[in-house]
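Visitor: I have a protein model open and would like a quick tour. Please take my questions one at a time.

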Amino acid sequence: MSLVLRLSGVSARLGGRDILHQVDLDVPAGRRLGIIGVNGAGKSTLLRILAGVLQPSAGEVQIGDASGQLQNLRRLPSRERARRIAFVPQEEVVAAELLVGEMVALGRVPRTRPWSRGGSAEREIVRAALDAVGLADRIDVPGDQLSGGEKRRAVLARGLAQDCPVMLLDEPTNHLDVAWQLRLLQVFAERAQTLVATVHDLDLALRFFDELAVIGWPAGLDPSTHPARIVALGPPTDVLSSRHVAAHFGVGSVQVPHPQLDQSHLLIHPREESR
Ligand SMILES: Nc1ncnc2c1ncn2[C@@H]1O[C@H](COP(=O)(O)OP(=O)(O)OP(=O)(O)O)[C@@H](O)[C@H]1O
């Protein structure tokens, strides 16, 4: 299977502190990869490195083309990178002075000629992206008139409008109600060839992704003095075994089959109750 992104020996340093250490990660084309881990582990940092918006302190980030040829992500011009990778960061302010449609249209900038304005075809793409997140009727409304969850959906619509084969989403389900959490991930799964997303909801992670990577610390390493690394990688049912969840999240858990649907769910409980 060809790779769309590859991290080799990637480390990250922020504010004079080592955050990630020697991360190796392959993202194959056509996969849904979930990044999980406790607060402050380094998930956003890893995603920003994959997106090419943060330079690693060591190691190499490579991007693969349709034929599977890998090249250094830094050598790719930023406009070309933005035609191949859409990145939606964790928290983003929707500018009050922009209409919702104008903000979503920013996702089209890499696809248009420099300084050109989008025509009616571009407006249709923007409308379709807003429609996919249930906000088509808000296209001409100022951004600051949206609720928190609606703002999040509008920012995600901008990522959809960018129309890239690879989409990187940092906590896409933040601020969303339960129905939109499920629907939004499905929308992106249908539009993106390859999807990498960070999530905190481990039950959602178990059901939605093909593969999970846990960012954390091996047993015995003090998180306050050591950078994190990938401590588990593989199919969700393996990565979210009771043993792994206890070791990396400090809680008890059990995977149980849904009584009516052909899927498993993860029940979380305080660690003592598992005895
Ligand atoms: N600009 C920065 N300068 C210094 N330290 C930073 C900076 N950004 C993040 N950090 C630190 O890097 C570590 C990893 O942060 P990151 O945001 O990647 O974690 P995360 O796993 O995404 O966390 P969360 O689940 O809380 O969103 C944290 O300890 C954080 O305090």
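Visitor: How many residues lie between E11 and E12 in their hairpin?

Guide: This is a predicted model, where local features need pLDDT of at least 70, side-chain atom pairs count only at pLDDT 80 or more, and totals for chains, interfaces and linings use all residues. Residues are numbered from 1 along each chain as its sequence is written. Strands (E, at least two residues) and helices (H or I, at least four) are DSSP runs, numbered from the N terminus. E11 and E12 form a hairpin, and the number of residues between them is six.

Visitor: Which residue in E12 is the bridge partner of Pro 257?

Guide: Strand E11 covers residues 252–257, and strand E12 covers residues 264–269. They run antiparallel, joined by six bridges; strands pair if DSSP finds at least two bridges between them. The bridge partner of Pro 257 is Ser 264.

Visitor: Which helix gives the most to the shell around the ligand?

Guide: A residue counts as near a molecule if its C-beta atom, placed from the backbone, lies within 6 Å of it. Those surrounding the ligand include Leu 14, Ile 19, Asn 39, Lys 43, Ser 44 and Thr 45. By class, the shell has three nonpolar, seven polar and one charged residues. Here Ala, Val, Leu, Ile, Met, Phe, Trp, Tyr, Cys and Pro are nonpolar, Asp, Glu, Lys and Arg charged, and the others, Gly among them, polar. With three residues, the top contributor is helix H1 (residues 43–51).

Visitor: Is Asp 210 buried, exposed or partly exposed?

Guide: Asp 210 lies in the loop between helix H7 (202–208) and strand E9 (211–216). A residue is buried if 20 or more other C-beta atoms, placed from the backbone, lie within 10 Å of its own, exposed if 12 or fewer, and partly exposed in between. Asp 210 has 14 such neighbours, so the class is partly exposed.

Visitor: What separates the C-alpha atoms of Asp 210 and Pro 236?

Guide: Pro 236 sits in helix H8 (residues 236–239). Because Pro 236 has 22 C-beta neighbours inside 10 Å, it counts as buried. Along the chain, Asp 210 and Pro 236 are 26 residues apart, yet their C-alpha separation is 6.9 Å.

Visitor: How is Glu 171 classed, buried or exposed?

Guide: Glu 171 is in the loop between strand E7 (166–170) and helix H6 (178–191). Though not a glycine, Glu 171 has a positive phi of about 45 degrees. It has 21 C-beta neighbours inside 10 Å, so it counts as buried.

Visitor: What is the phi of His 175?

Guide: His 175 also lies in the loop between E7 and H6. With 16 C-beta neighbours inside 10 Å, His 175 counts as partly exposed. It is not a glycine, but its phi is positive, at about 75 degrees.

Visitor: What radius of gyration does the protein have?

Guide: The radius is taken over C-alpha atoms, and the globule rule is 2.2 Å times the number of residues to the power 0.38. For 275 residues, a compact globule would come near 19 Å. The protein agrees, with 19 Å.
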